[in-house]
Amino acid sequence: MSVDIHQEKLLILDFGSQYTQLIARRVRELKVYCEIHPFNRSIDFIKKFKPQGIILSGGPASVYDEGAPTLVREVLDLNIPILGICYGMQILAHSLDGVVTKAPKREYGRALIKVKKESLLFRGLEQEQPAWMSHGDRIEKLPDGFITIAYSNNSPHAAIQHSKRPFYGVQFHPEVIHTPKGSDILRNFAFLICKCRGLWTMKSFIESTINEIRSLVNNNQVICAVSGGVDSTVTAVLIHHAINERLKCVFVNNGVLRKGEAEKVVSVFKNNFKINLSYVNEEMRFLEKLKNVTDPEEKRKIIGNEFIYVFEDYARKISGIDFLAQGTLYPDVIESVSFKGPSATIKSHHNVGGLPEKMNLKLIEPLRELFKDEVRELGKELGIENEILWRQPFPGPGLAIRILGGVTPERLHILREADDIVVTEMKKTGWYWKVWQSFAVLLPVKTVGVMGDERTYENVIAIRVVESKDGMTADWVNLPYDLLGHIANRIINEVTGVNRVVYDVSSKPPSTIEWE
Ligand code: XMP
C-alpha cells in the first residue's frame, strides 16, 4: 500500500510577506506537505483543501490600512488550528475584535522572547530565546478568550493563544534563521497542535508521483526537452522511472552551448540513466538566424522561437505523443501576493511556454509542488550525481548573451575556450560549488597588448562570479587574487585572440548578472 502524501497538509495563507516561501520550506523540512495560497481564497476552496492547520503569513500592511488584506472570517468557524505570524497574528486578533495599534517603537531585528505560560507551541523549548522581529504595529488588547504566552521588552504580547480554541499567534518570525528555535515552534504547531505525522518524504513523493504519472499517461507517450540542467534532468529521470521507453527525450544543440556540453549531456543520459535521448544538432540553423543580430532581446527571441520550431519538427516525426513534460517548480506556480520587484520584467526569459497549446499536447509537470532544494533531494534519491544536481544555472539563450554584439563561430570558439578555463579552475578550487554563477563574457572591444616583442590588438574577456539566493539580487564574489590571477594567466596564454582579462565587480541591482 502506498501512502497518500497529500492526506495531511497545511495551508499557508499569504498576506504578502517576503518570508512566505520560507514558511513553506521550513514546514516541508518537517516532512509536512503545505501549499501557499493568496489570503483571499474562498472558504469553499479552503474547505475542499482540507488542511490540518492554517498558517497566516506576515505582510507589509497595517490592519487599519485602506484595502489591507483581511482574513476570510468563516475560517475561524472551521475549528482548524491557526497560527498567525506577525501580520497574520494581528489580523487574527483584529478579526476576533482585539485591538491592534502602532507600536511606540518599530521593532526590527533580534529580540529576546520570554515564555510566560505553558503552551504546546513552546513545548520542549527554553524559557528564553532569541527571535526575529519586524513590525510597526502590535496588539494592544487581546481578543476575548486569548492569553499571552510569551513577551519581549518591546512586545507585551510576543506570542498568544486562545484558551479553548486552537488559535495561536506569534509576533516574531519563526521561519527565519535568526529565530534559532523557530523550526521547533513550527514543529510543535504541525505535530502537537495540528497532529501531523510527517508523511511528506522524498521516498513517498517518488512512489506516489510515479503512480500518478502511470495512471495519467496510461499507454501513451511523453516528450521531454532536456538541457542538462537540474530541473529537466530530474523531470526526465523521474518520468523514465514511471514509463520507461515511452518517454522520448530530446536535446537540441542550439549552437550557443558551452565547450563539450552537448557530448556530456548525451553521454550522461545514455550511459548513466540509460534513457534513450535524441540529439538534434541544429547549430548551423541557429547561427544562421543569429547572424548580424546584436540586440540582446532580439537574440533571446530568435533562440526561443527557433527552439520551438525545432522541437515541433522533431515531435511531428514521432507518432502517438500525447504529453509534454516540463520541469516547472513550485515558485513559478505560487500566486504570490508579495511584490515580485521589477527585475522579472527587465529581460524576457526564455522558456517553452506556449508550446503545449500550439502542439495540442497535455502538460505533465511532476516537480510543480517542489522547491529547488527539494528537487535536488529528489534527484539524489533517484541516484543523479551531484555534478548535475549542483550545476550552476545556465541561461536558455546560452553564450549568445555572453558574446556582446554579433555572434560568430570565431567569437563562440574564443568564449568557449575562455569559459572552460574559468569553470575548470573554479571547480578545481571548490569555488564553483560555493557561488551562484561563474562564467566568462566576451566583450566587443579590442585592446592593445604585447606578447614577446610583438604588439597585439585582441579581445577582452570579462570574468563574472556572483553569489545569490535566487538570481533576483546578486553580489560579486571576493575571489582570492591568486585564483583570479591564475585564471587570467591561463586565458591570455592559452586562448588565441585574447590579450586582456578583467573582473566584474558590480552587484545586482543596479547591474544584472548576465551582461546582456
Ligand atoms: P540577470 O542577468 O537577469 O539574470 O540578472 C538572472 C538569472 O537569470 C538567468 N538568465 C536567463 N535565464 N533565459 C534564461 O533561461 C534568459 O534569457 C536569461 N537571462 C538571464 C541568469 O543566468 C541568472 O541566473
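This is a predicted model: local features need pLDDT of at least 70, side-chain atom pairs count only at pLDDT 80 or more; totals for chains, interfaces and linings use all residues.

Reply: Residues are numbered from 1 along each chain as its sequence is written, and side-chain values use heavy atoms, with hydrogens and water left out.

The part to look at is an open sheet of nine strands with mixed pairing. Its order is E2-E1-E3-E4-E9-E8-E7-E5-E6. Strands (E, at least two residues) and helices (H or I, at least four) are DSSP runs, numbered from the N terminus. Two strands pair if DSSP finds at least two bridges between them. The edges are held by E2 (33-38) and E6 (128-141). Each has a single partner strand, so one side of each is left without a neighbour in the sheet. On average, neighbouring strands here are turned by 20 degrees against each other, direction ignored. Axes are lines fitted to C-alpha atoms, for helices over the stretch in contact; angles run from 0 to 180 degrees between N-to-C directions.

Now the pairings. Strands of a sheet pair through backbone hydrogen bonds, either parallel or antiparallel. E5 (residues 99-115) and E7 (residues 146-151) are antiparallel, with two bridges. There, valine 115 faces alanine 150 of E7 as its opposite number. E7 also pairs with E8 (residues 159-162), again antiparallel, over four bridges. In that pair isoleucine 147 stands opposite glutamine 161 of E8. Elsewhere in the sheet, E1 (residues 9-14) and E3 (residues 53-56) run parallel and are joined by four bridges. Leucine 10 has glycine 53 in E3 as its bridge partner.

Two helices touch this sheet. H3 (residues 87-95) packs on it and touches E3, E4, E5, E6, E7, E8 and E9 (167-170). The direction of H3 makes about 120 degrees with that of E4. H1 (residues 20-29) lies across E1, E2, E3 and E4 (82-85), at about 165 degrees to E2. Contact here means heavy atoms within 4.5 Å. The loop between H1 and E2 holds lysine 31. Its phi is near 70 degrees, a positive value in a residue other than glycine. Most residues other than glycine have a negative phi, and most peptide bonds are trans.

One joins lysine 508 and proline 509, with omega about -15 degrees. Another joins proline 509 and proline 510, with omega about 5 degrees. Proline 509 sits in the segment after E18 (498-503), and proline 510 also follows E18.

Another open sheet has five strands, ordered E12-E11-E10-E13-E14, with parallel pairing. E12 (277-281) and E14 (362-364) stand at its edges, each with a single partner strand, so one side of each lacks a neighbour in the sheet. Its neighbouring strands are turned by 30 degrees against each other on average, direction ignored. E10 (residues 221-225) and E11 (residues 247-253) are linked by four bridges. Valine 222 is partnered by leucine 247 of E11.

Grid points are joined across faces, edges and corners, and a volume is the space filled by probe spheres set on the points. One cavity of 30 Å³ or more is counted. The largest cavity has a volume of about 50 Å³. Its lining includes Arg258, Arg402 and Asp419. H14 (409-428) and E15 (437-451) each give two or more residues to that lining. E15 gives the most, with three residues.

Last, confidence. pLDDT is the predictor's confidence in each residue, from 0 to 100. The protein averages 93, and 95% of the residues score at least 70. Residues 339-347 fall below 50; beyond near neighbours in sequence, that stretch has seven contacts in the model.

Key. On a 1 Å grid over the protein atoms alone, a cavity is a set of points where a 1.4 Å probe fits but cannot get out, and a pocket is an open set with protein on both sides within 12 Å along at least five of seven lines; lining residues have an atom within 4 Å of a point.
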